[in-house]
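Subject: Structure handover

Hello,

Here is the structure for you to look over.

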Amino acid sequence: MHHQWLLLAACFWVIFMFMVASKFITLTFKDPDVYSAKQELLFLTTMPEVGKLPEEKHIPEELKPTGKALPDSRLIQPLVYMERLELIRNVCRDEALKNLSHTPVSKFVLDRIFVCDKHKILFCQTPKVGNTQWKKVLIVLNGAFPSIEEIPENVVHDHEKNGLPRLSSFSDAEIQKRLKTYFKFFIVRDPFERLISAFKDKFVHNPRFEPWYRHEIAPGIIRKYRRNRTETRGIQFEDFVRYLGDPNHRWLDLQFGDHIIHWVTYVELCAPCEIMYSVIGHHETLEDDAPYILKEAGIDHLVSYPTIPPGITVYNRTKVERYFLGISKRDIRRLYARFEGDFKLFGYQKPDFLLN
């Protein structure tokens, strides 16, 4: 009888130990999931900094992306666009740069913004930054043409035929409604490289045959800003730089009218401190930015951005140095003083290699 009790007690002990071991094993098997989650969080929070990415808790609600989640390989990408918007907000708050970063939302600005009511999109035109292609995208979205390939080149910039209404054509109430509720974007590039592009396009090659640039605007610049009066060549980049860097350039601007849109600052064109844009694209990263903009605007299933030729968007420092070669440091510094707001608002590096 005594042996039977001992045997029974031993059985209960074995069962008890088995239950304890089973519980321990269960907890151990659950731990890897918890550890894995912690490891994933650790990876995300200790990843090498890319321009000091802001923590999610500091991202304002209005800066969060509005589109669907991107593929896993590009999950980090929206932070780049949030950083760009946050940089603009910070520079706009800088009192020392107020004169270079703020501008009234005038008719001049509203004339630059094209409207797609069907998809609730506003696009601010910044010439010499690939805007022709974005106009084509909007023309297709507005239904004027069935595809980008079918749009004649002479129609793109003909605002009576391209079906692109300007924001200035609406009433004040309708303008405010669209500014508050529509998806808004524009594209920028290095400010000095953009000026070189504008000079080449309007005064050298002039592919659209716009004679007024060479026959009216260029002589006006030469008369006021050419130092060597015996020089008989057409307008030179040095003349152009001197005109743009002159603090009193506005009296000529008034004579030139809307043609100045090709070289005035992004601030003057799009008022980024007064209008809260949804996305700012960069010409240098257009291969990534164009698909992102289409996705955020909710139109990526309707239209594609035209193919970008390889290397065309890459910043070319050698070209910049070549164009500024021989121009006095004083003139370059005055030019930078005018465009400093653009450099700082959009994160472009100060061109010390030209200034010092």
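Helix α5 gives the largest share of the lining of the largest cavity, with four residues. Please keep in mind that this is a predicted model.

The cavity
The structure holds one cavity of 30 Å³ or more. The volume of the largest cavity is about 40 Å³. Its lining consists of I121, W134, V137, L138, L141, F185, I293, L294, A297 and I299. Both α5 and α13 (286–296) supply at least two of the lining residues. By class, the lining has ten nonpolar, no polar and no charged residues.

The largest pocket has a volume of about 1100 Å³. Its lining counts 42 residues, and K128, G130, T132, D201 and R208 lie nearest the pocket centre. Two or more lining residues come from each of α5 (131–141), α8 (191–205) and α9 (212–225).

How do α8 and α15 lie relative to each other? The axes of α8 and α15 (residues 329–345) come within 10 Å and cross at roughly 115°. Angles of 65 to 115 degrees count as roughly perpendicular, and the two helices are therefore roughly perpendicular to each other. On the α8 side, the contact residues are P191, F192 and L195. On the α15 side, they are I332, L335, Y336, F339, D342 and F343. This contact has eight nonpolar, no polar and one charged residues.

Best wishes

Key:
Residues are numbered from 1 along each chain as its sequence is written. This is a predicted model: local features need pLDDT of at least 70, side-chain atom pairs count only at pLDDT 80 or more; totals for chains, interfaces and linings use all residues. Side-chain values use heavy atoms; hydrogens and water are left out. On a 1 Å grid over the protein atoms alone, a cavity is a set of points where a 1.4 Å probe fits but cannot get out, and a pocket is an open set with protein on both sides within 12 Å along at least five of seven lines; lining residues have an atom within 4 Å of a point. Grid points are joined across faces, edges and corners, and a volume is the space filled by probe spheres set on the points. Axes are lines fitted to C-alpha atoms, for helices over the stretch in contact, and angles run from 0 to 180 degrees between N-to-C directions. Angles under 35 degrees count as roughly parallel, over 145 as roughly antiparallel, 65 to 115 as roughly perpendicular and the rest as oblique. Contact means heavy atoms within 4.5 Å. Ala, Val, Leu, Ile, Met, Phe, Trp, Tyr, Cys and Pro count as nonpolar, Asp, Glu, Lys and Arg as charged, and the others, Gly among them, as polar.
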